[in-house]
Amino acid sequence: MKILVGYVPTPEGEAALAAAATEAELRGASVLLLNTSRGDAYIDARYANADELAAAEAALRAKGIEVTIQQALSDGDVAGSLLKAAAADDVGLIVLGLRRRSPVGKLILGSTAQRVLLESPVPVLAVKVASAHD
């Protein structure tokens, strides 16, 4: 089995990476780490640099987890990139990090996570960053 983690170098991305590692250990699975930009430029803060990707890879390998990294510029359709990667690589689980949102923010449609949750043909594990109250 392969687990796809949508990774960005943020607290949400780190929470997704940790959850993917836990799931991979439990299931004896490998991890496909996907990092894409939202646009056509490398200056997107969500586009991980070499050191951030190396650290993510090292964290997984330290737990004995096989990892493959895919990184590409996106056409702005991050959800589409995640769904395509899941289909192309025979993924059994997608792991995403979620931002905490205000009640008004929760009403806004079209977020990457929401689209993946609704359109994914495989289970999706959505994780939040632990807060001081958790």
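Before we start, keep in mind that this is a predicted model.

Select Val122 and show what surrounds it. Beyond its neighbours within four places in sequence, Val122 touches Val91, Gly92, Leu93 and Ile94. Is Val122 buried or exposed? With a relative accessible area of 19%, Val122 is buried, because buried means under 20%. The C-alpha atoms of Val122 and Ala86 are 8.3 Å apart, while 36 residues separate the two in sequence.

**Stop two: another loop.** Move to Asp90, in the loop between α3 (78–88) and β4. Asp90 is not a glycine, yet its phi is positive, about 50°.

**Stop three: a helix and its cover.** Select residues 11–27 to highlight helix α1. Its 17 residues reach 24 Å from the first C-alpha to the last, close to the 24 Å expected at 1.5 Å a residue. Which residues of α1 are buried? They are Gly13, Ala15, Ala16, Leu17, Ala19, Ala20, Ala21, Glu23 and Ala24. To see what covers them, colour β1 (2–6), β2 (30–36), α2 (50–61), β4 (93–98) and β5, which are among the covering elements.

Follow the chain out of α1 and you come to Gly28, with a positive phi near 65°.

Notes
Residues numbered from 1 in each chain as written. Predicted model: local features only at pLDDT ≥ 70, side-chain atom pairs only at ≥ 80, totals over all residues. Heavy atoms only, no water. Buried < 20%, exposed > 50% of the residue type's maximum accessible area, 1.4 Å probe, protein only. Contact = heavy atoms within 4.5 Å. Helix = DSSP H or I, 4+ residues; strand = E, 2+ residues; numbered from the N terminus. Expected span 1.5 Å × (residues − 1).
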